[in-house]
Amino acid sequence: MPGPNPFRPGFGVSPRVLAGRDELVEEFDTALDEGPGSPLRSVLVSGARGMGKTVILNELEEVARGRGWLVVRLPETGDLLEELAATLLPRLLAEHDSERAVHRRVTGGGVAGLGSVTTTAKERYPVRESAGTLLERLLDVLAAHGTGVLFTLDELQAVDRESVAGFASLYQHLVRDERDVALAAAGLPVGVDQLLQHRGTTFLRRAERIQLAALTTRQVVEATRLTIEGADGSVSEPGLTALAEVVHGYPYLLQLAGYRAWREAAGAMITPDHARATVPVVSERMGRLIHDPALRDVPEAQRAYLAAMAQDDGPSSTGEVAARLGLTAQHANVFRTRLIQRELIVPAGHGSVDFGLPYLREHLRRQPD
Ligand SMILES: Nc1ncnc2c1ncn2[C@@H]1O[C@H](COP(=O)(O)OP(=O)(O)O)[C@@H](O)[C@H]1O
Ligand SMILES: [Mg+2]
């Protein structure tokens, strides 16, 4: 008898079996090994919703912890430097500074009541040590053990620019001083691009930019097989092939299609019929959770371009799309470029484009005119 459903069709939840991505994880592991100055110690991951950005950050955090590094998850809201100075760093110093001197100095009390005591201390002593000073001290403690600090920052596109700039400047100093620090940030492609235009964040442009690619069919098949068999379920080879066709290399869909197919099979071996039966739900969920949010701030003219493309069953000729819209090729090209930047469409050979997200065509066709 198979166990409970092993697939996890949610966001921010790590899968039972990670498909692909091993190269990136290994390279990051090597970078921690190589010491300060290794370029892959600062990575900036971008990709559409459901491509596995948060999962990658979790994996990199695991790698760092496995090496005895401390992980500091930076909050998506609020002032990063303020959060570091007031809460995150004092807490870590209290745990890791063996002399406990800092702990007393910063909090004036026991570990248990840290939150409230810190607040009191803040009110009583308005002059407080900066995030930079506290971090230096933490890094000194860790240097004695040959480890360092990994910062992770998710939903980078949503974080306040000034706040990112402040943190970027602090991080840059530490890198220059060859301290053992690493940074892994993730966000939506367009938002990250916009953020990097900002003067104070120039430094982040030097981070290794990783655009998460779709998984290959083989990666989807392997991970799906291992997930099913690891939970004492079974699946036929054609069943796996049919599932991979539904998934289109999209990590979120691997979980969603797998989850639904497992349910369809109700304890029996998963077959192509079970796989194909997932399509309506997969398409509807994808529309609601991925396409709708992705289309929300797309200007009207670019939407019209997408709608014109959706008339085709496969890749669209850019000339024909322009004609449908009554635009000159040049004018249409502007929209095409913007949509490519948004990763909503992709070039598909000479003079043609195709949708960059699975089931986007179907989603657009469902929209009322
Ligand atoms: N490499 C992967 N292999 C298998 N499943 C994955 C992989 N990456 C992400 N997932 C799954 O996809 C879903 C979305 O992942 P998540 O990291 O939240 O995406 P994002 O942060 O890009 O929106 C989750 O259910 C997660 O388990
Ligand atoms: Mg995420």
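Threonine 147 counts as buried because its relative accessibility is 8%, where buried means under 20% relative accessible area, exposed over 50% and partly exposed in between, with a 1.4 Å probe and protein chains only. The structure is a predicted model, in which local features need pLDDT of at least 70 and side-chain atom pairs count only at pLDDT 80 or more, while totals for chains, interfaces and linings use all residues. Residues are numbered from 1 along each chain as its sequence is written, chains are lettered from A and ligands numbered from 1 in the order in which they are written, and side-chain values use heavy atoms, with hydrogens and water left out.

Threonine 147 sits in the loop that links helix H6 (131–143) to strand E3; helices (H or I, at least four residues) and strands (E, at least two) are DSSP runs numbered from the N terminus. Its side chain reaches the backbone oxygen of glycine 68 at 3.3 Å. With neighbours within four places in sequence set aside, threonine 147 is in contact (heavy atoms within 4.5 Å) with Arg67, Gly68, Trp69, Leu142 and Asp180.

Helix H6 is also the place of valine 141, which is buried at a relative accessible area of 17%. Valine 141 touches His96 and Asp97, not counting residues up to four places away in sequence. The C-alpha atoms of valine 141 and aspartate 97 are 6.3 Å apart, although 44 residues separate the two in sequence.

Strand E3 (residues 149–153) is mostly covered, with 5 of its 5 residues buried. In a regular strand the side chains alternate between the two faces of the sheet. In E3, Val149, Phe151 and Leu153 point one way and Leu150 and Thr152 the other. Strand E2 (residues 70–74) runs parallel to E3 and is joined to it by 5 bridges; two strands pair if DSSP finds at least two bridges between them. Leucine 74 has leucine 153 in E3 as its bridge partner. E3 also pairs in the parallel sense with strand E4 (residues 181–187), over 5 bridges, and phenylalanine 151 stands opposite leucine 183 in E4. From E3 the chain crosses through helix H7 (residues 161–176) to E4 in a right-handed β-α-β crossover, meaning that, with the strands pointing away from the viewer, the path from the first strand over the helix to the second runs clockwise.

A further open sheet has 3 strands in the order E6-E8-E7, with antiparallel pairing. Its edge strands, E6 (316–317) and E7 (345–347), each pair on one side only. E7 is joined to strand E8 (residues 352–355) by 3 bridges, and proline 347 has valine 353 in E8 as its bridge partner.

Turning to the helices, the buried residues of helix H10 (residues 237–247) are Gly239, Leu240, Ala242, Leu243, Ala244, Val246 and Val247. The buried residues of H10 pack against helix H9 (217–230), H11, helix H12 (272–276) and helix H13 (279–295). Just after H10, histidine 248 takes a positive phi of about 55°.

Definitions and conventions: A polar contact is a pair of N or O atoms within 3.5 Å; within protein, one must be able to donate a hydrogen and the other to accept it, and residues adjacent in sequence count only if both atoms are side-chain atoms.
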